[in-house]
Every structure is written in C-alpha cells, then in structure tokens.
Amino acid sequence: MSSTLTDLSMLELAAKLATREVSSVEATRASLQRIAQVDPKVRAFLRVDEPGALKAAEASDARRHAGSPASALDGVPVGLKDIFLTEGLETTCGSRILEGFVPPYDATVVRLLKEAGLPLVGKLNMDEFAMGSSNESSAYFPTHNPWDLTRTPGGSSGGSAAAVAAREVFGALGTDTGGSIRQPAAFTNTVGLKPTYGRVSRYGVIAFASSLDQPGPMARTVGDTAALFQLIARHDPRDSTSADVATPDCLTGLEDGVRGLKLGVPREYFTAGMDPEVEGTLRASLEEFERMGATLVDVSLPHTKYALATYYLLASSEASSNLARYDGIRYGQRAKDARGLKELYTQTRGQGFGAEVKRRIMLGTYALSAGYYDAYYLRAQKVRTLIREDFTRAFQQVDALVSPTSPVPAFKLGDKVDDPLSMYLMDVYTLPCNLAGLPGLSVPCGFTQAGLPVGLQILGRPFDEARLLRIARAFEREHDFFRRAVPV
Amino acid sequence: MALTLEQVRHVATLARLSLTPQEEARYATQLSQVLDAVAELEALDVSQVEPTSHATLASSLLREDVMRPSLPPEAGLANAPAKVGTAFAVPKILE
Amino acid sequence: MPLSDFQTVIGLEVHAQLLTQSKIFCGCSTAFGAEPNHHTCPVCLGMPGVLPVLNERVVEYAVRTGLALGCTVKPTSVWSRKNYFYPDLPKGYQITQYDQPICEWGELVIDTPSGEKTVRVRRIHLEEDAGKSVHDASASAGQSLVDLNRAGVPLMEIVSEPDLRDADEAVEYLKALRDVLVYLGVNDGNLEEGSFRCDANVSVMPKGSTTYGQRCELKNLNSFRFLKQAIEYEAARQVDVLESGGKVDQETRLWDVNKGITRSMRSKEDAHDYRYFPEPDLQPLLVSDALRDSQAKVLPELPRAKRTRFMGEYGLPAYDARILTAERPLADFFEACAAHAPDAKKLSNLFLGEFSRLLKDEGTPLSALRFTPAQMGELLATVEKGTVSANAAKDVLGEMFRTGRAPADIIAEKGLAQVSDVGAVEAVVDDILAKNAGEVEKYKAGKKSVYGFFVGQVMKAMKGKGNPGLVNELLKKKLGD
C-alpha cells in the first residue's frame, strides 16, 4: 500500500483525502516509511519531524472528518528546504554556524502551509546558505540523486528535489537565487517553479541575495506545482518587496494547451558547451511544441553572456552583507577558544562557514570595498539593467521563452567541487531570469541514454506564472515522465 | 586581475573571517580567476545606463505606527551562546 | 600665531530620535528605560530571515522637519546598508540613507552678538539606531553586555554645513534646532536620555584663510555646556598642534567629562570602509505630493516667528518673548491667557515669575492645569482693579493651581480682598492718628521715620487688607504732606 501511496501526485492524494479513501495520517506514515527506507541512500533530509507531521496529519483528518478542510491540499505531507524558518524546529541553512538554532518564529510561507493544513515532514538538505549547484557545499553531507546515487541532485534546493523525486514527500518548497529550484528539478525529473520576484514572501527565508531570492514550489507534476504555488503566492505586509497582487488562479486554464502561443527560442541559450544529449532532447521538445500548435520564434538576448559575471558580483555582494549577522552573539555557534571580541568574530565566522560561503563573502566584500565599488558592484548593476531590457524586448515579440534548464544532466558528486568557475557555469541558463526578476519553470522533457533526467526551462513575463504552468502542462500531458519509476 | 595575499588578508579582515595560510593562498588564486572572468563586463559601455538595485519597482510599502508585542526575552535570548540576565554577553569591548 | 589669530570652523551633526510609538522597521516599543532586550523581536534582533518594513510616521516627521527648515524634500530617496561589525549592531549593517537622503539644503536662522545668522542645513536623512553595550557591569567581569532595546529606534540625522564660527554659535544653533524639532512634535529634545544627540566637526584655520583645516569629529556631547567646553578645548588643542609644527589628524575624539578634555578614540581598524550599497530589502522611498501637502498643512508657527510676533503683538521685551516661546505648550497657554488679560506685560511677569515657579515646584505639566485661561485673565483683572494686592494674587494663583477653583471664590473664602473703600480706610486712619497724637507731633516736627509706624498700625488694624495705595494716599493727606 505505502509504496503505491507515495507514488501518487499531490492532487491525486488530495482527491483520495477528500473522499476519505485515504487519511492524512496514512499518507504521512507512508511518507515517513519511505524516508526510513530510502533516505539512508538519498540523504535528502537534515531532520525529520515525525511527531510534528503526525500531529498535523491528525488535525487534518479531523477537519476532513468535519467536512471543513483548510485547503485543497489539506493533509498532503510536504518537505521544506532548511532555509525556511520553522518555529521550534531547528533550522541550519545547511551551515555549521547555525547548528542548534531553533527559530522563535515561522516563515510566512511556512505559516501559510500550516494554515492550509499540510503536514511538514521535515527539513531538507541544501548547499550552505544556498550557495552552490550540487548540494555538496552542505556542511552536513551531500544529497544523492535518486536517479543515480553517484550523481548530484543539483542545488541549492537539491534535498527538496531529491526528496520529491524519491517519493519521500509529495512536494516541497525550495528557493531560487540563480536557478536553485529549476536546476535541481531538471536533474531529478521534477517540476520546479521560480515565481516572479515579489510574488512569494521572503519573510523568514534565510537571505542569500535579497534582490534575487525567491521561494517556490517543487513537485512531481505541473498540476501539483500549480496547486502548491497558489497556497504561497500571497502578498505579505512583512516583506516590503512583496508585490501587492492577487493570488493567481493557475488551475482553471491549466489544460488550455499552447495553440496560438508564440514561444521564443533565445539563440544565446544554445551555445557550445551544451551536452549533445541535452540539446537533442531540447530540439525534439521544441518540435513537439510546434506540433501542438505553438509558433517558435528565434529571439536574441544579446547580453546573456554577461549574466554570469553580473550575477556573481551582485549575489556575492549582497550575501557578504546578509551573512554579517552570523557572529555568534545572539544565536548560532560561537568559536569556543576565541580570546577577545575580534577573535570572537573572525574565528566564529572562519570556523562556522564553509569554503564556498567564505569564497563568496570574500568576493562580495571585495566588490563593495572602497575603490572597487564602481568597477565591480555598480557596473554589474548597470549590466543588470541591460539584461532586464533584453527580456523586455523579447517579451514584446513572444509569450514565453523556452530553453534548456541546465547545459548538462546531473554530474558526478565530487566532479566540480574544487573548480568554482565550472560549477558557476551550471547556472548559465537559469540566472538571467533572476537578474530580471521574471518567473521561470523547469519541467521534465526526457532522459539521456544513461537514464538521467533532462529539464526544459520556460521563462515568462512578470506575474505570468499561470501561462508558464499551462505551457508546461501541455508538454507534460504528452509524456507523463513523472510516472517513470525512480530506481532508488 | 591578480589578488595579492595582502589584499586577501585585508578583505578577510573587513569580512571578519579568520583564514588559514592555505585558505589565503587558495582564495588568492580562486578570487583572481573569478575577477578575471568578471572583467568581461568592462567590454560594455554602460556610461548611459541606470543601475538596477531592485528586481521590481513596486511602490514603497509602509506600515502604520502601531506597537506590537515584543518577543518574551526568554524567547529572544533562547539561542544566545552567552548571556547575563536578559543581556547578550560578549568578551569585553575595548572601546 | 596666538589663538586669537585662528578661526574656529564648526559643523554639527544632530541625531534626533523621532517620537514614534514603534521602531522604524518593526512594531517594538521605542520607550526608554525598559529591562535589557524587553523591547526586541526577531526583526530588531537581526534574526535570520527577517525583513524591514518602514514606519510611515517616520517619513511624515522627516518631511515635516524638512519643510520647517526650508529643505528640498526629495520625491525619491534611497535606503543603503552601512556595513560594520559591532556587538550592538545586530545585522552587521545599519539601514540608513546615504547618497540620496530624504531632504537636502535647508537653513536655520540663529541670533549671534553681531545679529542674525543663517546656518545652512546640508541634509536630513533617516536611519535606525544601534543597541547599547554596557562595558563596566561589575557582575560580569571581562564581559560586555548587549541590550538591543534601542536597536531600530528611528533617528533623523540633520547635518549642517560648517557655517558656525565659535562655540557660542554652535550652542545657539543646537538650541534653536532643538526648539524647532520640539515645536514640530517630532522629538522630545532630551539630551540627557540621548534622544537628541550632537556630534561636532571642528577645525581651525588662520583668520582670513578660505581653506578649512583638517577636522576632528567630537562625540559624547550630551549637554549644551559640554558642547561649548569641548569645542573650545578642541580648537585650542588644534592650534597648539599647528603652532608646535604638527598637523591635525582627521579622527574621532571623545569628550572626557571628568577631565574636561577631548581624547582620541582608538581608531577602529578599517572603520572607514563601510561598503555602502543600496538596501535590497527596501524599495526606494517615494514621497508623494499628497504626503508633502499634508505635512505642510500641520506645520506650526516656528519658535523664531512666534518670538517676533510676541514682541510686536504683545509689546514684550525680547527676553520675555524668548522664554515664553521656548516651548509650544507654554506659548499657546500664554496666548490663551492674553486674550483675557488686561495687560500682556503683567501677564508675562506672572508667567516668568510665580507661574513658572509653581509649574516647577508642583511638577504639573501644562496639559494637566486645573484652571482655565479665562480664570487667569480674571485674576489679573482683579489685581488691576485693586481688589487684591499683587502679593495676594500669588496666593490666589497657588490655590487655583491646586484646586482649580475660580479666583473670586478663593479671594472671598480666604478674605483676600483689599479694602479700597475711601470712607472705611479714612475712618481707620483717623482713628490711628488720634490714638497716637504724640507720634504725629514728632512726625510734623521732622521725624519722618515714624511714617512707617503709621502704615503698620493702619494695616494691622485692617488685618492687612487695606489697599496700600489708598492707605498711603490718605495718611499723607492727613499728615499734611
């Protein structure tokens, strides 16, 4: 029973919860059993909250019994990237410096999920402070890709993607600063949506790069992603950058197809260095869109090649400031042997942060420092304007853009750990959309011969998530890649 | 652009990071590589371009001047590595 | 060159805490004096994941101040992060306005011995306060304690141009600025509790020079007296340095209250690289025309204008006008009373004298006064008519203060009314003179000193209620003067 139960999509499970064919406690127990069974291999979870999840499941069942479910997904167990603050439940952001930190409050999206009745099964592994593309910068352990345990599930929301792909949870929340939802989704045959900047509250989400970070849903199907998205897409008066727009209805038109839509294919996203199998899969997917009635339009985003440099300067600069609060004074780990205040700072931070985080703090501090600000930070902000304008022009011609999510499929753990530049290149197709604040989505579009998932990225206009989901759904309907059994 | 060890140490001081000599050497090399890579931005003429500091330009959100309950100090200090009474404790600050 | 050949140049940076209920970016109380960290929440503790949301009243107060000082109020201003590490700075950066402040280029007129002087205000910007570190707690040897109650309290920084030329001008500017802020209702003007703070940038240059010398920033100036002493000390110190062939280092110096000197704060390592950049968590601050207009509408008459008007409208000397207008509630109450009083100068005398004393001694705020301006006017009218003496009026005022009863009732009950009836007084005078014929003889023979004796006897007989003017008039008439 439990293995088939965990294979259900969120919406399928919700339908069974609604008819009371299955209880939330059963679904949650099935999830917990699956975690006990596969997580020793996948290592997606930093911490499982069995009592909390079961308590929430019981409360959900009581609501279902009383005929007053809190939401369409009431009772569906999900997981949280460990970047979301959970009141009373340790939150580390994948870092030693926050080991033992028990937040006194819930992130807004956590509160929304709790209010919607979703049992929160536990906290998912991630690259430390979301800085990484492979989950290997987690201070605790790397997560493994359920499709090939020797490979990375991607990052930084790698734990979320792996847990969803391995059927440990029905869905999860991740965050995306430069591709951290979409790239792991592409690596694990799951769907990941990075919403428009400002669509989902960042309150209680540990900041990496504040002007780029955006939380979003990760799930196995487009419908699940849409349903989860609708629970968290709310204006939040606690986040000044939260957009005061209504929650979109993404489910009503989900099956409307792509007939008549103009899909732009940015030529700069098909460049040398792309894996031939990824390119082949993508080209085939594009033809399929045409067959389904969409028009493909060749478009140019001429400043794409500058996006990587721009991103690393801006994200690292913001991070260097955002991470200044980890000083061992009010919370988190404090260096034991520090003598004096200066050492308290330098040793706490020197010992508490991992190599990648320190590297980015160093880069960001340098880019903001006296004499270099104009050359690095300010220049990058100006190039960011050019990149935004590229997208604005493209969206005058087309309804959405389609491209590969990642230039390569999941790579081997350990392959790129000591080569930051080549690791940074993993995000080359995903990060321009963060710089422009646009919504982006990755949907499964096939497998390589070795059985590794390939993802298709769809980018849209601000607040046009419903259309992205509709395009993704049109594609998914033809394939049902999510039905493919995961080997783990 | 190559970063000297001295520059690396200066930046580490600004960022309050203690680094081992090995880390200093490694970051000198890696940051130099990254800076070489980002130097490609210099090719662009941005003299007429306005900087973008926010992804979207929403109007500024304001809140009413209304007092809300603070955290009970036990909760606010629950994670403190060292405290005295309800104050956070640190090694003596020398002016 | 002697000290007198040098010109002191001073600019002031004033930090004024805005009178809001809640902090600038969260809902915690701004009240002074709570137990450590009792006014804190995840936002002002700098917990992971928190975000700032701006208090709208902070913006209103800054706009109001900018308008009052004749500044340009910028339609768009920008928040920045000032990055540095200190235990009382929970996020590791301060949210402040840097290169694009909310107000620019205003002015404040002050009085100097050589007449009026216009001091330029370069900018007004908003920022959050830091917390407080206590270094000398005996219970915690070797440790400092951090209290974040103040962290996130809204501050408005007002920066003057270096237009001030001596310590007295600096004090005058600071007082005038404080009066304006208190009038506007945006600050309580309390230097002791630190809700109105001042740093002074001081330099010296040879007289006649147009090039400013290297400046030092003076801190810990928490009274007008310390400001004056510190500037005078520092100017003399800098002249000494220059005269002995040295050069003045740009540095921050602390006023040492006990020793009466300024001393160098051990310069913080890399203190000068704050790595300012635009705060990504806050959109640029937009000030709409509507907001501007709403603040322009509530701008009160400012102290200086009010003072000038008091001198003209009520014929008061500058001294009286300054004291009466120093605080808006007092000025307002004076005006309310003046509408009922027969003579504004006599009203002013009462305000500056007995009324001030009562306010101070009884510790009564004006808002809690138990009597009305009309009653105050009534009291003065009774003095004018001779119903009570000026002395007795003080007692009546005291009673009004404590009970709020009408002056006429108090006068009647206490029997304070003077006897001003000519016939009644004359009868007593005649009686006294008749009973003391011997003394009258002496007086008429030239011993004028017994006059006081007659007055005393009459007053005694009348139990002190004789109208003194009338008593004198009749005595002199009867004694043949």
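How many residues does the contact take from chain B and from chain A? The contact takes 42 residues from chain B and 53 from chain A, two residues being in contact if their C-beta atoms, placed from the backbone, lie within 7 Å.

On the side of chain B that touches chain A, α1 (5-14), α2 (21-38), α3 (73-76) and β3 (87-91) each supply at least two residues. Helix α2(B) gives the most, with seven residues. By class, this side of chain B has 28 nonpolar residues, 10 polar and four charged. Here Ala, Val, Leu, Ile, Met, Phe, Trp, Tyr, Cys and Pro count as nonpolar, Asp, Glu, Lys and Arg as charged, and the others, Gly among them, as polar.

## Basis of the model

This is a predicted model, in which local features need pLDDT of at least 70, side-chain atom pairs count only at pLDDT 80 or more, and totals for chains, interfaces and linings use all residues. Residues are numbered from 1 along each chain as its sequence is written, while chains are lettered from A and ligands numbered from 1 in the order in which they are written. Helices (H or I, at least four residues) and strands (E, at least two) are DSSP runs, numbered from the N terminus.

## Strand β6 of chain A

Strand β6(A), residues 214-219, is mostly covered, with six of its six residues buried. A residue is buried if 20 or more other C-beta atoms lie within 10 Å of its own, exposed if 12 or fewer, and partly exposed in between, with C-beta atoms placed from the backbone. In a regular strand the side chains alternate between the two faces of the sheet. One side of β6(A) carries Q214(A), G216(A) and M218(A), the other P215(A), P217(A) and A219(A), and both faces are covered.

Two strands pair if DSSP finds at least two bridges between them. Strand β4(A), residues 171-176, runs antiparallel to β6(A) and is joined to it by six bridges; T175(A) stands opposite P215(A). Strand β5(A), residues 191-194, is also antiparallel to β6(A), with two bridges, and V191(A) has A219(A) as its bridge partner.

## Chain C

Chain C is divided into domain 1 (3-294), domain 2 (301-414) and domain 3 (422-478), with bounds from an automatic or database domain assignment. The centres of domains 2 and 3 of chain C, taken over C-alpha atoms, are separated by 34 Å.

In helix α15(C), residues 468-478, V471(C), L474(C) and L475(C) are buried. They lie on the same side of α15(C) because they cover an arc of only 100 degrees around the axis, the arc being that of the directions from the helix axis to the C-beta atoms. The buried residues of α15(C) pack against α12 (422-435) and α14 (451-461) of chain C. On the other side of α15(C), G469(C), K476(C) and K477(C) are exposed. G480(C), which follows α15(C), has a positive phi, near 80 degrees.
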